[in-house]
Amino acid sequence: MTAMQTQQGERAAVGGDGQSKEAPVVQANAIVDCGWGRLLFGQTFQDPALLAEALREEGPEARDIAVYVDDPHVLLAQAPLELFLDPSHMFRLDLEAYEPSSRGQRAFNVRRLARPSDAEEVNRIYASRHMVTVRPDFFERHAGGDAVIHLIAEDARTHAVIGTVTGVDHGRSFGCPEGGSSLWCLAVDPQATHPGVGETLVRRLAETLAEQGARTMDLSVMHDNAQAIALYEKLGFERIQTFSVKRKNSINERLFVGDQGTEGLNPYARIIVDEARRRGIGVDVTDAEGGFFRLTHGGRSILCRESLSELTTGVAMSICDDKAVTRRAVSRAGVTVPDQIEAGDRAKLEDFLKRYGSVVVKPARGEQGRGISVGLETVEETEAAIERARAFCDRVIVEQKAEGEDLRLIVIDFKLVAAAVRRPAQITTDGRSTVRDLIAAQSRRRSAATGGESSIPIDAETERCVRAAGFALDDVAPPNQAIAVRKTANLHTGGTIHDVTGVVHPTLVDAAVKVARAIDIPVVGVDFMVRAPHEPTYAFIEANERPGLANHEPQPTAERFIDLLFPLSVPTAVRRLGLG
């Protein structure tokens, strides 16, 4: 008998009224396909060898999980070189004792996945959270089903999909007599500004499964995910003693090999290190806190700091370091630049403001949005912004404010690899919390979504932006209002990023490549202000010699970076196809 064969249990049972009733048919060796992989229900496998065989049948680019394994040591012994014990905890919610929330909200709706575009958006969110994506036809086949349930959270105003969760009804899937069910793939768009999306999805799924007759709902969570565990415990989940087993594959690699000396690396360094190791390139982390590491392959050794490598010259770095010098260099190459002056002369400042109406103040040297103020319209607030900027650099630039959206283009080896619109941090009010508390909550979500790299500072610039929206930090604003709390779109100050690589206008691509060639820099993040990414109008803002490649997944930024450094190494995509 193969692992996919099933046996049927006893049908007959006697009800409380003494009448013979049919009990659910309990399927032996039960396996449920979830699209991203299969759930193998260990309690239905009597023979651990069959369960091990089933795990070994895992498909390519899939993540199978054997759940409810009571004797994991016995299962692991069947294939010790291929299987490992998943470092996750299982939590259970008693649906019969569950109490729905009395708090209502109108900012977003939760509904069943129903349209092909829903499937695309769910996969987009999965990719942004480094999760395995699902074949769109799988969603189509299970739309409206009761065994595998897909829910999505949708912004009430824009109709954008901002979160998703999957539920499995064990009774309807394989005849589980205990009325069990489970929650999988809870994912919230890292760019979402609404509070409570994850909690609402968990609650709605619990209510949906309870309506179908389920008595409990389980979920698996990484043992060190303290934030998620705190949420589940708040909702009434309690830990149960059971185990999960997975197969050793590239998707699960970090779970069974550990960090391999990469502890402390930020996401921008880690994405490159991970790609290098997948190709068999040697990695020596020399300063994890600073993001420094050395890559070695085939006699070639290159020191890097995140996406900055020894291939970038000191001259190129010095050009990028001084915004006024950068502007002159790219202007000579025919790139459109906004007008600017150096701060220090009040009369010139007054004339500049009269000419352009709204300006940007920024340190001549600096990064990550520090000291930048945008949309200044009076001499007084401009001079105050200049003083704040001087905390980061003695020389301060006042620049004509270019209207539009902030577009970041990643150019590697003088070719466009990724393009994304960056939007300033904003909050969505709930009518209960203060603006300050909502900013703090949104900042925590951004930090969790970016490995601690993005957060919203509550400083004079944030207070100015909130005041411009008509509120104070300690006000409770009416519900469902979007309030911009920063003017700059830098990710380090809480900005969000939205991929537009597939639609960016060729004129913008050409201009970005001109910037790279003017500076003669092999890896660069080019910032433009644009009316729209698919239109040719733009104004150059700045060039970053150390762009964050992790911000542009799923575009292959790390792969192209390693291609540049080690052109003879075999790309990951080729290795996965077995061609290298």
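A crossing of two helices is left-handed if the near helix is turned anticlockwise from the far one by less than a right angle, and right-handed if clockwise. The views below come from a predicted model, in which local features need pLDDT of at least 70, side-chain atom pairs count only at pLDDT 80 or more, and totals for chains, interfaces and linings use all residues. Residues are numbered from 1 along each chain as its sequence is written, and side-chain values use heavy atoms, leaving out hydrogens and water.

**View 1. Helices H12 and H13 cross.** The crossing of H12 and H13 is right-handed.

**View 2. Residues where H12 meets H13.** Contact means heavy atoms within 4.5 Å. From H12, Arg346, Leu349, Glu350 and Leu353 take part, and they meet Val379, Glu380, Thr382, Glu383 and Ile386 in H13.

View 3. Strands are DSSP runs of E with at least two residues, and two of them pair if DSSP finds at least two bridges between them. E15 (residues 282-287) pairs with E16 (residues 292-297) in the antiparallel sense over 5 bridges. Look for Val283 opposite Leu295 in E16. The hairpin has 4 residues between its strands, and Gly291 takes a positive phi near 80 degrees.

**View 4. The whole chain, for orientation.** The chain has 18 helices and 29 strands. Its C-alpha atoms fill a box of roughly 95 × 65 × 35 Å, taken along the principal axes.
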